[in-house]
Amino acid sequence: MPMTASHPRIRPVSTGTGVEIHRAGWVMATPQTLFRDGFVAVENGVIREVGHGRPTLSGPVTDHGPGTLMPGLINAHTHLELSALHGRLSLENGFQDWVRQLLITRESLGHEALVRGAESGISALRESGCVGVGEISTLGLTRDMLHVSGLSGVWFREYLGSELPADLRLRPETGECCSDALAGHAPHTTGPKLLRALRAATSAAGLPFSLHLDESADEVEFLTTGKGAWADFLTRRGIDFSDWGLPVKSPVLYAARMGILDRRTLVVHLIHARKGEFEVLKAHQVSVCLCPRSNSNLHNALPDLPGMLAAGLAPCVGTDSLASADSLSLFDEIRFTAGAFPSVSPATLLGMATLNGARALGLADRFGTLTPGKRGKFIYIPVTASGPSTLSEAIIHESSA
């Protein structure tokens with residue numbers, strides 16, 4: 001069974017030394033800046049000029065065709081270690097049942113199958129136009145394969161429970177591959193002392209910190225009451241949460257009280273958050289990542305994307321895992337999102353899949369737009385339109401065909 005939709009028409013463009021001129025029927029420098037019969041002039045792997053007509057630089061010209069050159073996509077939240085579980089789990093009986101199936105099936109598949117699945121997932125990311133990724137790793141399987149994959153981004157080692165690791169020191173990656181950073185799973189599965197330690201370690205290294213937040217009804221019930229099914233589960237496991245400071249008003253306010261929200265924090269999902277929480281996240285300059293297909297499949301619910309935008313947040317987007325979504329394609333993700341939120345403009349959706357994700361992962365100096373100073377690493381898609389007003393919509397609805 002294939003793990004992702006095929007994208008044979010998406011063509012990665014990677015540049016080398018010297019001057020190169022890349023032309024196409026359209027160039028999307030940003031979702032708001034579109035050039036008909038445009039060009040991207042690259043020198044030694046760095047974009048120097050973008051526009052229409054004749055560039056000031058001269059060099060070999062590659063005409064990619066009547067379609068569109070655009071920034072590579074940034075998949076800000078993946079779980080590649082779960083790729084081998086694609087098609088093996090039922091999504092019909094709710095989140096708790098899905099988690100139970102996941103743990104049993106992952107254990108039964110074994111190490112080698114999980115590694116092969118993750119390798120196939122990385123290939124699927126590249127083939128669907130991705131140049132950057134935020135990978136969440138619980139088992140530690142994907143670090144080395146991502147570092148040699150050609151993808152940029154952040155490899156987040158995820159922690160659950162309350163026990164503090166002996167060594168959380170990190171160093172930023174100075175090359176073009178993925179940096180190593182840290183993630184807490186969620187505030188109902190990771191103790192507050194550990195969450196603060198993880199956030200402090202990433203902050204000291206100038207790296208992002210990731211956290212699932214406000215995703216499930218069990219999480220909300222536990223944090224806002226200190227009781228419920230999750231409290232019973234922790235008690236059965238012998239986990240003492242008496243010093244967690246519960247109950248609280250909401251997961252977002254709990255994270256704010258812990259002091260783990262700042263401009264390098266990336267919170268994922270936010271299905272139940274609303275205006276007051278959005279204002280808190282905005283005040284703390286937090287990055288937000290949404291995974292609408294996974295949310296729909298696992299929770300039969302969606303985050304309030306229009307409310308986030310109205311509050312001034314700039315969400316990015318991720319595909320979550322192949323255990324909860326049909327593909328790792330961001331084009332598939334934003335096409336679904338366009339259908340779920342018809343009031344959100346195509347340009348906004350494309351920004352979520354490019355610049356917003358690059359900002360959230362600390363890649364905005366290299367990726368996210370086709371503008372001078374960015375890396376000469378982008379994609380060509382054979383999608384065209386009669387004018388700028390319809391091109392963005394065509395990219396969303398035709399690029400994953």
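## Terms and model

Two strands pair if DSSP finds at least two bridges between them. Helices (H or I, at least four residues) and strands (E, at least two) are DSSP runs, numbered from the N terminus.

This is a predicted model, in which local features need pLDDT of at least 70, side-chain atom pairs count only at pLDDT 80 or more, and totals for chains, interfaces and linings use all residues. Residues are numbered from 1 along each chain as its sequence is written, and side-chain values use heavy atoms, with hydrogens and water left out.

## Strand E13 and its partners

On one side, E13 (residues 287-290) pairs with E12 (residues 265-269) in the parallel sense, over three bridges. Val268 has Cys289 of E13 as its bridge partner. Strand E14 (residues 316-317) also runs parallel to E13, joined by two bridges, and here Leu290 is partnered with Val317.

Within E13, Ser287 and Cys289 point one way while Val288 and Leu290 point the other, and all are buried (under 20% relative accessible area, with a 1.4 Å probe and protein chains only). In a regular strand, side chains alternate between the two faces of the sheet.

## The whole chain

The protein chain holds 14 helices and 15 strands, and 57% of its 401 residues count as buried. Its C-alpha atoms fill a box of roughly 70 × 45 × 40 Å along the principal axes.

Terms used. Buried < 20%, exposed > 50% of the residue type's maximum accessible area, 1.4 Å probe, protein only.
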